[in-house]
Amino acid sequence: MKKYAIIVAGGKGLRMGGSVPKQFIPVKGRPILMRTLEAFHAYDTSVELILVLPASQKDYWDALCHEYHFLLPYRFAEGGETRFHSVSNGLSLVPDDERDALVAVHDGVRPFVSRSVIETCYDIAYRKQAAIPVVEVVDTLRYLFGKERGESSETVDRSRFRLVQTPQTFRADVLKAAYAQPYRPDFTDDASVAEAAGTTVYLVDGNRENIKITTPFDLKIAEMLLSEID
């Protein structure tokens with residue numbers, strides 16, 4: 001079964017407060033994006049990697065690859081106006097005749113996805129067409145139903161909610177059909193796109209360490225996690 005992994009890395013890093021896009025920031029001596037690509041290669045060297053980056057960042061990425069001697073094989077797709085368009089561009093590199101191939105879409109700044117989560121997502125997508133990793137909510141949740149946040153809110157049952165991670169994984173024909181739809185602002189992830197096309201999305205257990213690195217605090221957590229791994 002042919003497997004693809006579309007790694008989407010179009011962030012500008014504004015919440016990091018620096019000039020370097022977050023996916024290029026080194027964590028313990030290696031850029032985040034490289035660690036993410038390496039996670040999928042370590043799971044299975046036959047997975048075809050598709051990296052989606054803004055065209056304006058391609059030269060910088062190439063220079064980093066030279067500096068860090070990064071030699072993993074991958075194909076490049078140009079990022080789009082939104083995540084939806086970026087994934088669509090990456091998906092265009094998956095041949096249309098490979099209908100039963102499996103396609104995982106993963107955030108470029110989630111380098112700590114576990115091997116078991118990647119494997120489970122591919123396995124469930126093979127059997128059920130669509131799978132996404134999630135983790136339980138551990139904090140109390142409040143629902144805001146009015147304009148005044150201090151007064152118009154109520155506690156909700158957190159056991160009925162899950163936090164969504166990536167890789168979100170699908171059969172190729174299912175994901176391609178979903179991304180043939182016109183863009184909508186409420187398409188916040190691949191699951192929402194697939195569900196709008198009528199696909200049932202199955203939930204699998206994610207790993208808590210699979211954080212999305214978007215803030216300086218996340219960087220500190222990442223350094224801690226790598227210290228434990230090393």
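In this predicted model, Ala197 sits in the loop that links α6 to β12 (202-205). Its relative accessible area is 40%, so Ala197 is partly exposed. Beyond its neighbours within four places in sequence, Ala197 contacts Ala178 and Gln181. Ser88 lies 109 residues away from Ala197 along the chain. The C-alpha atoms of these two residues are separated by 15 Å.

Helix α3 spans residues 83-91. Its buried residues are Phe84, Ser86, Val87, Gly90 and Leu91. Viewed down the axis of α3, these residues fall within an arc of 165°, and they therefore line one face of the helix. That buried set packs against both strands and helices. The strands are β1 (3-8), β4 (48-53), β5 (75-78) and β6 (102-107). The helices are α5 (172-178) and α6 (190-196).

The packing of helices was examined next. Two packed helices are described by the angle between their axes and by the distance between the axes. For α1 and α2, the angle is about 75° and the axes are 11 Å apart. This angle makes α1 roughly perpendicular to α2. From α1, the contact draws on Leu33, Met34 and Leu37. From α2, it draws on Trp61, Leu64 and Cys65. By class, the contact of α1 with α2 holds 6 nonpolar residues, with no polar and no charged ones.

Helix α1 (residues 32-43) also packs with helix α4 (residues 115-128). The angle in this pair is about 65°, and the axes lie 10 Å apart. Angles of 65 to 115 degrees count as roughly perpendicular, and α1 and α4 are therefore roughly perpendicular to each other. The crossing of α1 past α4 is right-handed. On the α1 side, the contact involves Ala39, Phe40, Ala42 and Tyr43. On the α4 side, it involves Arg115, Ile118, Glu119 and Tyr122. The residues of this contact of α1 with α4 divide into 6 nonpolar, no polar and 2 charged.

Most residues other than glycine have a negative phi, and most peptide bonds are trans. His69 has a positive phi of about 55°, although it is not a glycine.

Lys28 is placed in the loop between β2 (26-27) and β3 (30-31). With a relative accessible area of 38%, Lys28 is partly exposed.

Thr166 and Pro167 are joined by a cis peptide bond, with omega about 20°. Pro167 belongs to the loop between β10 (162-164) and β11 (168-171).

Ser153 is in strand β9, which covers residues 153-156. Its relative accessibility is 15%, and buried means under 20%, so Ser153 counts as buried. Leaving out residues up to four places away in sequence, Ser153 touches Arg142, Tyr143, Leu144 and Phe145.

Terms used. Residues are numbered from 1 along each chain as its sequence is written. This is a predicted model: local features need pLDDT of at least 70, side-chain atom pairs count only at pLDDT 80 or more; totals for chains, interfaces and linings use all residues. Side-chain values use heavy atoms; hydrogens and water are left out. Helices (H or I, at least four residues) and strands (E, at least two) are DSSP runs, numbered from the N terminus. Buried means under 20% relative accessible area, exposed over 50%, partly exposed in between (1.4 Å probe, protein chains only). Contact means heavy atoms within 4.5 Å. Axes are lines fitted to C-alpha atoms, for helices over the stretch in contact, and angles run from 0 to 180 degrees between N-to-C directions. Angles under 35 degrees count as roughly parallel, over 145 as roughly antiparallel, 65 to 115 as roughly perpendicular and the rest as oblique. A crossing is left-handed if the near helix is turned anticlockwise from the far one by less than a right angle, and right-handed if clockwise. Ala, Val, Leu, Ile, Met, Phe, Trp, Tyr, Cys and Pro count as nonpolar, Asp, Glu, Lys and Arg as charged, and the others, Gly among them, as polar. The arc is that of the directions from the helix axis to the C-beta atoms.
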